[in-house]
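Keep the view open while reading.

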Amino acid sequence: MQASSPENPSTFLNLSLEAPLLKAINTMGFETPTPVQSKAIPLALEYKDLLVSAETGSGKTAAFLLPTIQNLLSVHSDAIGTRALILAPTRELAQQIFIQCQQLIQFTELRVGIITGGDDFRLQQNMLRRNTEIVIATPGRLLELIEQQTPNFTRLETLILDEADRMLDMGFSEDVLSIANRCNAQRQTLLFSATLTHFGVIKMADKLLTNHEIVALNTLHDGHRNIEQQIIVADDIDHKQKLLAWLLLNDKYDKALIFTNSRVQADALRGPLRGQKLRVGVLHGEMDQKDRNRMMELYRSGSVNVMIATDLAARGLDIEGINLVINFDVPRNGINYIHRIGRTGRVDALGVTVMLVKSTEWNLMSGIERFLKQSFKRRTIKELEGHYKGPKKLKSSGKAAGVKKKETKKKDTTEKVKVRLRDKKNIGKRRTPATQKTTESTSNQAPNTDQ
Ligand code: AMP
């Protein structure tokens with residue numbers, strides 16, 4: 001494998017691609033890498049799993065094709081079967097990727113094939129039998145071929161999911177998972193999505209990616225369509241504990257999930273909440289796997305309906321009925337926040353998330369708002385109102401965070417939340433895709449006390 005250049009390579013030469021690829025890039029008239037190419041290519045060349053937010057028009061196709069082709073060129077393989085598989089939601093998109101791939105491999109010995117519904121089944125079977133190195137497919141037709149035992153993905157080196165959010169919105173989630181399950185478990189996986197704030201994408205990333213890096217280049221402001229995100233300001237930890245108990249005793253939910261930043265804090269909350277006769281469990285990295293499994297089972301069955309967890313323990317947690325997520329501690333970054341709230345708001349359900357914010361966490365919280373390009377709803381519990389009301393200069397910082405004056409009124413907005421929980425009419429409706437671009441790039445490898 002060749003060394004990739006560090007930060008933001010400004011030319012394709014810095015990306016250490018081999019001559020046939022550089023020649024193709026030149027022939028295609030690409031002069032400099034686009035931002036998503038600069039960020040994603042060096043990481044993908046190192047065989048890292050990636051979760052990338054990038055839209056059509058950003059150069060995302062070359063961002064995954066170039067490193068994949070380069071990796072195929074740099075490792076000689078006599079393997080039987082497909083070496084790189086790209087899944088796309090529609091025939092049109094698969095066709096576009098196919099054309100770009102043909103252009104990029106034109107000076108190499110590699111071959112590419114396409115599998116989409118509507119085309120000749122037998123021809124596609126033959127193409128797969130010829131051990132075509134790169135296969136581009138829509139999930140439905142590929143599964144049909146899998147049922148006939150034709151494709152061989154046991155030696156697959158790279159799996160790419162393009163427009164994963166669209167693929168999930170079109171109902172391909174199960175198909176994608178069952179295709180991924182037939183692929184070599186040691187493969188590299190690259191997941192591209194227009195947005196990272198899509199709970200289905202987060203869950204898919206949990207299932208398919210290992211120790212992945214996140215490349216976030218586009219706006220994140222479309223948000224979770226069916227998650228109402230609130231914050232309540234708190235004076236200190238004691239005040240937070242009272243607010244937490246109040247929420248768990250008064251808000252409506254089937255299952256609640258509470259996040260803390262440390263296992264010490266997770267353990268510390270259990271006693272007081274049990275004292276309130278709540279059915280509480282704890283999940284953190286220090287517990288052995290057997291206890292964690294037992295706790296998950298209790299939570300899944302509903303014997304325990306309030307779970308206190310740390311980030312590490314909650315990764316990959318996919319449990320039905322979680323419709324209240326409380327961030328007792330403000331997470332350390334926006335990506336951790338997205339992962340946490342992604343535990344609620346399944347396809348057909350609404351979820352509420354509440355973040356408890358004390359003065360020392362205010363900046364962290366507004367950083368998350370800026371990262372997501374969203375403002376959280378300010379909520380006040382009348383009988384538990386504290387002294388802290390947010391920073392004094394709320395006018396400017398509040399403006400950046402989108403705070404409206406009337407939302408800071410002293411009242412309990414629980415009633416409003418209940419109404420919203422019942423209001424399902426907007427579920428499933430897509431918002432206008434976001435277009436604004438940022439150059440935020442981040443990793444989900446944030447320090448965690450729950451290692
Ligand atoms: P995509 O976002 O992959 O759909 O790409 C959008 C368009 O940008 C396609 O027509 C690509 O051929 C083109 N493109 C991709 N990368 C580059 C680049 N580095 N320079 C110029 N055009 C590019």
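Contact here means heavy atoms within 4.5 Å. The model is predicted.

Q: Which residues does Leu 269 touch, not counting residues up to four places away in sequence?
A: Start with its place: Leu 269 is found in helix α11. Contact needs heavy atoms within 4.5 Å. Leaving out residues up to four places away, Leu 269 touches Gln 241, Leu 244, Ile 258, Thr 260, Ile 308 and Phe 328.

Q: Is Leu 269 buried or exposed?
A: Buried means under 20% relative accessible area. Leu 269 has 2% relative accessibility, so Leu 269 counts as buried.

Q: How many Å separate the C-alpha atoms of Leu 269 and Ala 245?
A: Along the chain, Leu 269 and Ala 245 are 24 residues apart.

Q: What does helix α11 reach from its first C-alpha to its last?
A: Helix α11 covers residues 263-275, which is 13 residues. At 1.5 Å a residue, 18 Å is expected. The helix comes close to that, reaching 19 Å.

Q: Why do the buried residues of α11 line one face of the helix?
A: The buried residues of α11 are Gln 265, Ala 266, Leu 269 and Leu 273. Seen down the axis of α11, they line one face because they fall within an arc of 95 degrees.

Q: Which exposed residues does the face of α11 turned away from its buried side carry?
A: The buried side of α11 has its cover, which includes α10 (237-250), β9 (255-260), β10 (280-283) and β11 (306-310). The face turned away from that side carries the exposed residues Val 264 and Gly 275.

Q: Is Lys 277 buried or exposed?
A: Lys 277 is found in the loop between α11 and β10. Its phi is positive, about 65 degrees, although Lys 277 is not a glycine. Exposed means over 50% relative accessible area. At 74% relative accessibility, Lys 277 counts as exposed.

Q: Is Glu 163 buried or exposed?
A: Glu 163 is found in the loop between β5 (158-161) and α7. Phi of Glu 163 is near 50 degrees, a positive value in a residue other than glycine. With 8% relative accessibility, Glu 163 counts as buried.

Q: What covers the buried residues of α6?
A: In helix α6 (residues 139-147), the buried residues are Pro 139, Arg 141, Leu 142, Leu 143, Leu 145 and Ile 146. After α6 comes Gln 149, with a positive phi near 65 degrees. The cover of the buried residues of α6 includes β2 (84-87), β3 (112-115), α5 (121-129), β4 (134-137), α7 (164-169) and α8 (173-181).

Q: Which residues touch the most other members of the largest nonpolar core?
A: In soluble globular proteins, nonpolar side chains tend to be buried together. The largest nonpolar core here has 51 residues. The members that touch the most others are Leu 85, Leu 87, Leu 142, Leu 161 and Leu 191.

Q: What is the centre to centre distance of the tilted aromatic pair Tyr 337 and Phe 376?
A: Tyr 337 is in helix α14 (residues 334-341), and Phe 376 is in the loop between α15 (362-372) and β14 (377-378), 39 residues apart. Both Tyr 337 and Phe 376 are buried. Their planes make an angle of 40 degrees, and the centre to centre distance is 5.1 Å.

Q: How many degrees lie between the planes of the edge-to-face pair Trp 362 and Tyr 388?
A: Trp 362 is in helix α15, and Tyr 388 is in the loop between β14 and α16 (394-401), 26 residues apart. Planes over 60 degrees apart count as edge-to-face. The centres of Trp 362 and Tyr 388 are 6.5 Å apart, and the angle between the planes is 85 degrees.

Key. Residues are numbered from 1 along each chain as its sequence is written. This is a predicted model: local features need pLDDT of at least 70, side-chain atom pairs count only at pLDDT 80 or more; totals for chains, interfaces and linings use all residues. Side-chain values use heavy atoms; hydrogens and water are left out. Helices (H or I, at least four residues) and strands (E, at least two) are DSSP runs, numbered from the N terminus. The expected span of a helix is 1.5 Å times one less than its number of residues. Buried means under 20% relative accessible area, exposed over 50%, partly exposed in between (1.4 Å probe, protein chains only). The arc is that of the directions from the helix axis to the C-beta atoms. A nonpolar core is a set of buried Ala, Val, Leu, Ile, Met, Phe, Trp, Tyr and Cys residues joined through side-chain atoms within 4.5 Å. Rings of Phe, Tyr and Trp (its six-membered ring) pair if their centres lie within 6.5 Å; planes under 30 degrees apart count as stacked, over 60 as edge-to-face and the rest as tilted.
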